[in-house]
Amino acid sequence: MKSQQSGFTLVEIAIVLVIIGLLLGGILKGQELINSAKVKNLANDFRVIPTYVYAYQDKYRALPGDHAAANLTASLGATATAGTGGSLGNGVIEGSWNDAETGTTEANVFWQHVRLANLAAGATTVGAGFAPTNSVGGRLGIQSGPFITGMTGTYSVCSAGILGRFVKQLDIQMDDGQTNTGSMRATQGAASPAASVATAAVTDDASYTVCMMF
């Protein structure tokens, strides 16, 4: 008596393959949506920080971080810290965007001033954990003048710890699509003057700092 062999038919195999294809497509699409959301949040940082500067100037006739009489301004309160390491009231946010978060340089105190003015959320006591971060956990900051060589403008908004794949998407979305030209550029330098990195040299899984001048 012959034993009956069992197995999958071609139709059953085709159905399984279709299901696997749909699952893989869903996973890839989901990852794409997650990445797009990250880029959108990163882009929002670059857009919103200039509004802090303009809104603060409109309200107090002073520059956050450079505000000489911040502690005497009633709506800010006596806890407002005067920036150090520069000349207060000269219209320049002195210091670097990535200064130690426990310090009181004007670039660091900038965040306390805009938070006390209710323009931004976050801690108002300068110290550990004070510095803002972007949506991928990298340091976020502002300074006067360029951080990356060759850029022009009044202020640099810089955001660190951004993967190369997001760097390229950011530049396409917000500038000219070239990471070493225009008002937005990328670098791997930790101190100014930092050299920009050309788009062709940007590696998807490497970490970069992106700066935009306005």
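## Note on salt bridges, cores and the disulfide

1. D204 is partly exposed, with a relative accessible area of 34%. Here buried means under 20% relative accessible area, exposed over 50%, and partly exposed in between, with a 1.4 Å probe and protein chains only. This is a predicted model, in which local features need pLDDT of at least 70 and side-chain atom pairs count only at pLDDT 80 or more, while totals for chains, interfaces and linings use all residues. Residues are numbered from 1 along each chain as its sequence is written, and side-chain values use heavy atoms, leaving out hydrogens and water.

2. D204 forms a salt bridge with K168, the closest N and O atoms being 2.7 Å apart. The pair links distant parts of the chain: K168 sits in helix α3 and D204 in the loop between β3 and β4, 36 residues apart. K168 is partly exposed at 24% relative accessibility. A salt bridge here is a side-chain nitrogen of Lys or Arg within 4 Å of a carboxyl oxygen of Asp or Glu. Helices (H or I, at least four residues) and strands (E, at least two) are DSSP runs, numbered from the N terminus.

3. The whole structure has three salt bridges. D205 and R165 form one of them, at 2.3 Å, N to O. D205 lies in the loop between β3 and β4 and R165 in helix α3, so this pair ties together parts that are 40 residues apart in sequence. D205 is exposed at 57%; R165 is partly exposed at 28%.

4. R61 and D58 also meet in a salt bridge, at 4.0 Å, N to O. R61 is exposed, with 66% relative accessible area. D58 is exposed as well, at 58%.

5. There is one disulfide (a pair of cysteine sulfur atoms within 2.5 Å). C158 and C211 form it, with sulfur atoms 2.1 Å apart. The link is right-handed, with 110° about the S-S bond. C158 is in strand β2 and C211 in strand β4, 53 residues apart. Both cysteines are buried.

6. The largest nonpolar core has 38 residues, and I49, L76, F110, I142 and L170 have the most contacts inside it. Such a core is a set of buried Ala, Val, Leu, Ile, Met, Phe, Trp, Tyr and Cys residues joined through side-chain atoms within 4.5 Å. Elements supplying at least two residues each include α1 (10-60), α2 (106-116) and β4 (207-213). Helix α1 gives the most, nine residues. A second, separate core of nine residues includes F147, A160, A194 and M213.

7. I49 is in contact (heavy atoms within 4.5 Å) with F110, W111, L140, I142 and V157, leaving aside neighbours within four places in sequence.

8. A186 is in strand β3 (residues 184-187). A186 is buried at 0% relative accessible area. Beyond four places in sequence, A186 touches I148, V167, T179, A195, S196, V197, T209 and V210.

9. N108 is in helix α2. N108 is buried, at 1% relative accessibility. Among the residues N108 touches, not counting those up to four places away, are A100, E101, V126, F130 and R139.

10. F8, L10, I13, V16, L17, I20, L24 and I27 form a nonpolar surface patch, with about 880 Å² of accessible area together. Patches are made of residues with over 30% relative accessible area and no salt bridge; like charges are joined within 9 Å, nonpolar side chains (Val, Leu, Ile, Met, Phe, Trp, Tyr) within 5 Å. Accessible areas come from the Shrake-Rupley method with a 1.4 Å probe; for residues, only the protein chains shown count as cover. I27 is in helix α1 and is exposed at 58%.
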